[in-house]
Amino acid sequence: MAEFVTLETSDDHPGVGTIRLDRPPMNALNRQVQTELAAAAEEATVRDDIKAVVIYGGPKVLAAGADIKEMNDMTYAEMSKVAGRLQSALGSIADIPKPTVAAITGYALGGGLEVALGADRRIAGDNAKLGVPEILLGVIPGGGGTQRLARLVGPAKAKDMIFTGRFVGAEEALAIGLVDEVVAPDEVYNAALTWAGQFRNAASIALAAGKKSVDQGLGVDLATGLKIEEQLFAALFATEDRAVGMKSFIENGPGKAQFTGK
């Protein structure tokens with residue numbers, strides 16, 4: 001049984017799984033939390049009853065970063081052996097081939113923001129504070145922050161955040177594209193559940209293909225990206241959902257298909 005990270009479902013929101021971080025008081029992301037987070041992401045990937053995923057840290061904080069006490073006495077030789085595992089664990093949300101949304105209440109700092117950066121969408125409370133303050137510890141983000149942040153907000157804004165370590169408020173985060181929606185703090189989780197819930201009856205294989213096409217295409221040139229899209233698009237013609245969707249469209253119009261996920 002996981003101690004600090006759980007994957008929860010509810011009859012009130014069918015098809016939505018919540019990966020919940022719960023290590024009070026600040027959800028510090030020590031090695032155990034990292035391992036449990038990666039395991040929860042893997043479980044969410046393979047469970048057919050989960051069509052979309054919310055990552056949530058509770059009403060007060062998403063996560064305020066890695067466990068610095070755990071890192072304090074580590075040498076270069078020691079960190080070099082585990083840095084890849086840390087990066088993979090904090091980025092494990094990005095590996096889920098389903099729509100994902102981070103519900104950000106309070107602080108999302110350092111590793112906490114890096115976890116959120118792995119989601120497809122980020123919804124924040126209007127009191128949220130986001131940042132990558134690792135420079136104040138004499139290091140840089142090591143959980144994917146330098147790469148995903150720059151791809152999301154552009155290199156200049158990412159460098160400003162990384163160089164200064166400053167906290168970004170919700171409205172600025174929305175303006176620069178760091179988050180996609182700002183709501184009242186007590187509405188964050190419900191807003192995330194609502195967004196995720198719209199995919200419970202969607203064509204899940206096609207959703208995974210769309211996500212893969214965008215994500216892989218961002219790392220290559222346009223011509224290669226178009227080839228990725230071409231292959232993923234054509235492959236969907238081997239699915240039952242494609243046949244169901246097109247038949248339903250012809251007979252009943254758009255938006256009425258009953259997909260099977262096959």
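Colleague: Where does K211 lie?

Modeller: K211 lies in helix α9, residues 204-217. Helices here are DSSP runs of H or I with at least four residues, strands are runs of E with at least two, and both are numbered from the N terminus. This is a predicted model, where local features need pLDDT of at least 70, side-chain atom pairs count only at pLDDT 80 or more, and totals for chains, interfaces and linings use all residues. Residues are numbered from 1 along each chain as its sequence is written, and side-chain values use heavy atoms, with hydrogens and water left out.

Colleague: Is K211 buried or exposed?

Modeller: K211 is buried, with a relative accessible area of 11%. Buried means under 20%, exposed over 50%, and partly exposed in between, with a 1.4 Å probe and protein chains only.

Colleague: Which residues is K211 in contact with?

Modeller: Leaving aside neighbours within four places in sequence, K211 is in contact with I93, A94, I96, P97, K98, T100 and D120. Contact means heavy atoms within 4.5 Å.

Colleague: At what angle do α9 and α10 pack?

Modeller: About 165°, with the axes of α9 and α10 (residues 222-235) 9 Å apart. Axes are lines fitted to C-alpha atoms, for helices over the stretch in contact, and angles run from 0 to 180 degrees between N-to-C directions. α9 and α10 are therefore roughly antiparallel. The cut-offs are under 35 degrees for roughly parallel, over 145 for roughly antiparallel, 65 to 115 for roughly perpendicular, and oblique for the rest.

Colleague: Which residues of α9 and α10 meet?

Modeller: A209, K212, S213, Q216 and G217 in α9 meet G225, I228, E229 and L232 in α10. The residues of this contact divide into three nonpolar, four polar and two charged. Ala, Val, Leu, Ile, Met, Phe, Trp, Tyr, Cys and Pro count as nonpolar, Asp, Glu, Lys and Arg as charged, and the others, Gly among them, as polar.

Colleague: Other helix pair. How do α1 and α3 cross?

Modeller: The axes of α1 (residues 31-46) and α3 (residues 76-90) come within 8 Å and cross at roughly 50°. α1 and α3 are therefore oblique to each other. Q34, L37 and A38 of α1 make the contact with L86, A89 and L90 of α3. Those residues divide into five nonpolar, one polar and no charged.

Colleague: On to strands. What is the order in the open sheet of four?

Modeller: β4-β6-β8-β9, with mixed pairing. Two strands pair if DSSP finds at least two bridges between them. The edge strands are β4 (61-63) and β9 (168-169), each pairing on one side only. β8 (residues 129-131) pairs with β9 in the antiparallel sense over two bridges. L130 has V168 in β9 as its bridge partner.

Colleague: And how many bridges join β1 to β2?

Modeller: Five bridges join β1 (residues 5-9) to β2 (residues 16-21), and the two run antiparallel. T9 stands opposite G17 in β2. β1 and β2 form a hairpin with six residues between them, and G15 in the turn has a positive phi of about 85°.

Colleague: Where is the cis peptide bond?

Modeller: Between P24 and P25, with omega about 0°. P25 sits in the loop between β2 and α1. Most peptide bonds are trans, and most residues other than glycine have a negative phi.

Colleague: What phi does N27 have?

Modeller: Positive, about 55°, although N27 is not a glycine. N27 also lies in the loop between β2 and α1. At 4% relative accessibility, N27 counts as buried.
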